[in-house]
There are 4 protein chains.
Amino acid sequence: MVEVEATLTRACVAEGLIPAESGEAILAVLADPASFDLGAITAEAGNHATPVVPLVRELRARVAPEHREYVHLGATSQDIVDTAAMLVARRALGFVIDDARAAARACAVLAAEHRDTVMSGRTLLQQALPTSFGLRAAGWLTAISTPLKGLEGVVTFALAVQMGGPVGTRPPAVAGLMAAELGLIDPVMPWHTDRSRIVDLGATLAMLCGALGKIARDVSLLAQTEVAELREGAEGRGGSSAMPHKRNSVAAVSVLACTRRTPGLVATLLASMEQEHERAAGAWQAEWGTLGELLSLTGSAAAWARDLLENLEVDAGRMRANLDTLAKAGVAEAASPAEHLAGATELIDRALGDFNG
Amino acid sequence: MVEVEATLTRACVAEGLIPAESGEAILAVLADPASFDLGAITAEAGNHATPVVPLVRELRARVAPEHREYVHLGATSQDIVDTAAMLVARRALGFVIDDARAAARACAVLAAEHRDTVMSGRTLLQQALPTSFGLRAAGWLTAISTPLKGLEGVVTFALAVQMGGPVGTRPPAVAGLMAAELGLIDPVMPWHTDRSRIVDLGATLAMLCGALGKIARDVSLLAQTEVAELREGAEGRGGSSAMPHKRNSVAAVSVLACTRRTPGLVATLLASMEQEHERAAGAWQAEWGTLGELLSLTGSAAAWARDLLENLEVDAGRMRANLDTLAKAGVAEAASPAEHLAGATELIDRALGDFNG
Amino acid sequence: MVEVEATLTRACVAEGLIPAESGEAILAVLADPASFDLGAITAEAGNHATPVVPLVRELRARVAPEHREYVHLGATSQDIVDTAAMLVARRALGFVIDDARAAARACAVLAAEHRDTVMSGRTLLQQALPTSFGLRAAGWLTAISTPLKGLEGVVTFALAVQMGGPVGTRPPAVAGLMAAELGLIDPVMPWHTDRSRIVDLGATLAMLCGALGKIARDVSLLAQTEVAELREGAEGRGGSSAMPHKRNSVAAVSVLACTRRTPGLVATLLASMEQEHERAAGAWQAEWGTLGELLSLTGSAAAWARDLLENLEVDAGRMRANLDTLAKAGVAEAASPAEHLAGATELIDRALGDFNG
Amino acid sequence: MVEVEATLTRACVAEGLIPAESGEAILAVLADPASFDLGAITAEAGNHATPVVPLVRELRARVAPEHREYVHLGATSQDIVDTAAMLVARRALGFVIDDARAAARACAVLAAEHRDTVMSGRTLLQQALPTSFGLRAAGWLTAISTPLKGLEGVVTFALAVQMGGPVGTRPPAVAGLMAAELGLIDPVMPWHTDRSRIVDLGATLAMLCGALGKIARDVSLLAQTEVAELREGAEGRGGSSAMPHKRNSVAAVSVLACTRRTPGLVATLLASMEQEHERAAGAWQAEWGTLGELLSLTGSAAAWARDLLENLEVDAGRMRANLDTLAKAGVAEAASPAEHLAGATELIDRALGDFNG
């Protein structure tokens, strides 16, 4: 929020709306975010349903009286909170995207390495026909790629500055300058009550979680005692408090513990789109914690998924052995799986080509 | 589903997988969808958790024995249902997009006509500062535009053929031919358990509902007895069973009755992304009715919103009168609103330019 | 709705609000629900955001002019729809409760029969320590029992008549008489905007679905090819369109396809509690389809779960064989499981006692 | 968690499972919760998907070697976390219930004081027919009462000890002793994968939020500039950062900002009921943060609602004046409202009687 107030001040100086001297005085205080009394601001935030009122009050108190009228010039609380949320989201997305990309790369490595590792394809939780573990990993790769591109698109096209003033009638020049400085989109209109940007961000995060949750579910199923085709490889994990023989799929469980919490949060964001008039009473405020949770849960899920995939142990022998069960059940393809996997290999190549190209 | 089976048959003939004569025999039966015994297929669908098994059984029974092995060649039930769902979605989206576009056009007309119609901007449900009704309508326009472009993008980039075979290992050639014939995307990989396409569609539908719900909420608030700035204009609507003096905002209420049901449905689709192995046991099947509801509710919401916006009655005098309340409360801008609305006018032009350009 | 109008008419006659002759005339028309023009009522319902307006209009048209003022006396549309919804819910709950009770009984039978059938307990999808299949079934039984009692409580304590009149100020005498006739609760107050009854009903239905979904998930996991401890037993089910060797868990999949759709619907009902003033604009109307879906999905889930449980095939030999895997991993309890299951047997008896007593 | 381990230790000593001396040694360490290294436990929790493993490890390290085998005797991590969650929930519910009860009392006071304060009843956001503000407040009272009783029932009947051991086969004696000491329910069975208690708690919290959200929505609507019948009364609230003439409904907005986040969280809890086998991989872990959010959001909503209701300013003159609008529109009842409100007064008495009795 301090960064947004500073950018606003600079843009107003550039537009001639704030005298240079006043701008400097305000920016001098804003240059030291740590100097603000966070405890007092937090304590007072509740009385205004926003932390911006006490923040601006403190900022005004700390500049000389002649500069006070230029503090927070022409802005409304929501301008500051929304723009700050965009900056926070962009920083958080940096970590999310890094980990998701690394998870995708790990899938690509598995797909390439296990192009010829045959295993039993399973449908409705039953062994069905042969496939390869490479194809399974290529499927994971492709499923991550869509929301990953989506999040990159959100950063580039959806994260926008907000500077419409109290009822959204502020001329757009100041917003334009701020957008350029902050590297955010300059929106066609203020988006005080048009929350598609927030929903786009939240739904894409949850879509990534959906892809990661599918991977974690697959790993936890393939790591079952009776299946034993995969195993989490990271050291020092998964000991049980009561059963020393067990090795739990800690990373997969942690991914699922995060991903399963995101659909309901997206529902909250979607329901919050119904915002009244120029700025809303409740629906906007309900977004704050919800968006924070979505960023944090997706970040955790991506980090755990990366860890899971980069350390995954594949038991090709066990995959082959399980496939023999199918052969014994009379499934001809299972007896000579390699002959039936030309399509799988072609699809792996397509997936890898799509990811690399 | 019949259309998908026919396209599959033609593609297999083209690829040399089905003899021309068998292809013709199969296509002859498929040429008459109405000839299938829908009651019997429906009754038997439950025993297989899919209607495709009895459909294929009937199809096989109706061709000569020597052609039977070529019916449904290399396909799995999910290939047929998923591709059929894409065709259904595309047809439904045609109506949704038409009505949403008309609603957007109606907003553009309102924005242009009411560029200078001053009214009270309201924040947190309180009168705040002057704005124009044109700017409000421009905001509605911009809010509809994002999901509208999103839906157009879904049609172009997300709706894909599905033809992976039982465990997704089918070589992609047949899918490619089918995609070309059906005008669907040829996916990099089968997407049996990568449900981002469905989520993309569902979330974008709900995002449009969010934008329409905001408009309906605004209209219902501005049509309150004490505010009376807007009024639904369509004839023969809104009579009360008990209170003849009332004129209810039927269209607005109908929009809201639809839009409020969509966030929870998107949560269902997102939760359904966690699909096991090559094809899922339950998560996929939970999508069917959910996606149908989303298409139907969004279609209804868009049709009602179009009706609402095309027939909206604006009482500019009442808007001005309500603004006087604010002026009497000592808000200088409310006494001479036009002087403060240069920014609003500039933003309206941006919104109209963005929509038209 | 016709039944509610008739009950209202009788109560008004009893209270002396409608002359006996007028009451008889109105009731004569209402005695033949099939005589109403459903198509016309449906077509006109949209213009009023309720079917009650055209229903009442038709009813008025069909009685002599001197009786017309007594039709729908003192009622508002919502009175009719809400009371009718309670009647529909009660009828639907009869089926849901019957099937859920039968499912519980089937669990009790399995628990008693398999008191000594040892199997591997599994945690985090890994074999852990011995348990008995009887205890697993007793757990299912207990999990069904809570929402089953909950639904019985909903029928007895939550389903209430609604007859508050247009703004909820109608004296409660008529509602009291109607409640007595219909066997519904006579509420302290009209509940036009107090939707806890609907939420109580919806959340309890979804809680039952949660219990049934857990059972279906367990069965689908224990029926996996590599585990093979359970198998759906119903004849003629689960054939695959492409893989004749497979036997899919059709009932379990069908349960899950229903149960996974309910959490999002409950979110919609909860969000709809925020209803404005005396009667709401949109939030109430959003309940209708949602509640219908919840009843229908829970009814299907309960019927499928009953079928699943009444026909379940248990392979005790395979359970014992899988437990040997654990014994070979050095888990002493797995080598002599019966010695460690005194607690399990005690718990089974508690569960059966609780269910029977 | 420390309290649960201590209670477990005492119960095991009482049952003769732990020697008295070992019990004392373990309890001596547990007597000082602050002595545990929270940072280290937190840091290590991720490696086990539970904080119990490092907690138990530290506890074992701090007792003499001969006592170590008696630490955490026969328990699994979930036993500790679930029982601890029940204790946390009970403490949190104390605050929630206190504030909800105070909010209900404030409604009762308003209902009694404003028994004869006539106002316009509003339906579908339009003025409809007269009612009294007392009846509105009585409706709020009744709506709070249901979930309030529900939460009291949850405390008495749903909050249960968990002590089933690794796979739920532990004999129930220890759980019984712990339940008696902790004042929790002794469950029929371990509920490791029967999560109806959690859902019951969560859904009842959200139902209370629904009732509070309805009140906040009503207040924010009745406080609109053009309506002005209600006004938040607390001092020092609601100043705007940009518009000094405004007085925002801060408490109402804060209630809504909390209540609107709860439906999606309940959906997460309901979806989490589908738990595998004896203890789940992901679904259980997804509950933790979700339940915490529900308790915290409902607690905040109840505190804000209490504040709102205890300080509400009612403008009876304005209510009467707005009703005149309706009279001018030709609604006879609005001209002599008192004559039509006998039913309202009767209903207020019923609501107050129900609350007090």
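In which loop of chain D is D:P187 found? In this predicted model, D:P187 belongs to the loop between α7 (173-182) and α8 of chain D. The residue has a relative accessible area of 8% and is therefore buried, since burial requires a value under 20%. Leaving aside residues up to four places away in sequence, D:P187 is in contact with D:A160, D:V161 and D:R197, and also with C:R350. One of these contacts, D:V161, lies 26 residues from D:P187 along the chain, and the C-alpha atoms of the two are 6.9 Å apart.

A hairpin of two strands was examined in chain D. Strand β1 (residues 118-123) of chain D and strand β2(D) are paired through five bridges, and their sense is antiparallel. Within this pairing, D:V118 has D:S132 of β2(D) as its bridge partner. Two residues separate the strands in the hairpin, and D:L124 adopts a positive phi near 50° there. Strand β2 of chain D, residues 126-132, is largely enclosed by the rest of the structure, because seven of its seven residues are buried. In a regular strand, side chains alternate between the two faces of the sheet.

The corresponding elements of chain A were considered next. Strand β1 of chain A, residues 118-123, is mostly covered, with six of its six residues buried. The strand runs antiparallel to β2 (residues 126-132) of chain A and is joined to that strand by five bridges. The bridge partner of A:M119 in β2(A) is A:T131. The hairpin formed by β1(A) and β2(A) has two residues between its strands, and in the turn A:L124 shows a positive phi of about 50°.

In chain B, the loop between β1 (118-123) and β2 (126-132) contains B:L125. Phi of B:L125 is near 70°, a positive value in a residue other than glycine. With a relative accessible area of 1%, B:L125 is buried. In chain A, A:A49 is located in the loop between α3 (38-45) and α4 (52-61). Here phi is near 60°, again positive in a residue that is not glycine. A:A49 has a relative accessible area of 13% and is likewise buried.

Among the helices, α10 of chain B (residues 262-271) is mostly covered, as nine of its 10 residues are buried. The buried residues include B:T262, B:P263, B:G264 and B:L265, and the list continues with B:V266, B:A267, B:T268, B:L269 and B:L270. The packing partners of these buried residues come from chains A, B and C. Within chain B they are α8 (196-222), α9 (250-259) and α11 (285-310); chain A contributes α8 (196-222) and α10 (262-271), and chain C contributes α10 (262-271).

Two copies of a chain are related by a rotation about an axis and a shift along it. For chain B and chain C, a rotation of 180° with 0.0 Å of shift along its axis gives a superposition with an RMSD of 0.0 Å. The C-alpha of B:G264 is the nearest to this axis in chain B, at a distance of 2.0 Å. Of the contact residues of chain B, 100% recur in chain C, and the same surface serves both copies.

Chain D can likewise be laid on chain C, by a turn of 180° and a shift of 0.0 Å along the axis, with an RMSD of 0.0 Å. These two copies are thus related as by a two-fold rotation axis. In chain D, the residue closest to the rotation axis is D:A267, with its C-alpha at 2.9 Å. The interface residues of chain D are, at 100%, also interface residues in chain C, so the copies meet through the same surface.

Rolling a probe the size of a water molecule over the atoms shows where empty space is left. The volume of the second largest pocket is about 1,400 Å³. Its lining comprises 41 residues, and those nearest the centre are C:G150, C:D200, D:G150, D:G153 and D:D200. At least two lining residues are supplied by each of α6 (133-158) and α8 (196-222) of chain C and α6 (133-158) and α8 (196-222) of chain D. The largest share of the lining, 10 residues, is provided by α6(C). By residue type, the lining of this pocket consists of 17 nonpolar, 14 polar and 10 charged residues.

Key. Residues numbered from 1 in each chain as written. Chains lettered and ligands numbered in written order. Predicted model: local features only at pLDDT ≥ 70, side-chain atom pairs only at ≥ 80, totals over all residues. Heavy atoms only, no water. Buried < 20%, exposed > 50% of the residue type's maximum accessible area, 1.4 Å probe, protein only. Helix = DSSP H or I, 4+ residues; strand = E, 2+ residues; numbered from the N terminus. Pairing = 2+ DSSP bridges. Contact = heavy atoms within 4.5 Å. 1 Å grid on protein atoms, 1.4 Å probe; cavity = no way out; pocket = protein on both sides within 12 Å on 5 of 7 lines; lining within 4 Å. Points joined across faces, edges and corners; volume = space filled by probe spheres on them. Nonpolar A, V, L, I, M, F, W, Y, C, P; charged D, E, K, R; others polar. Least-squares fit on C-alpha atoms with pLDDT ≥ 70 in both.
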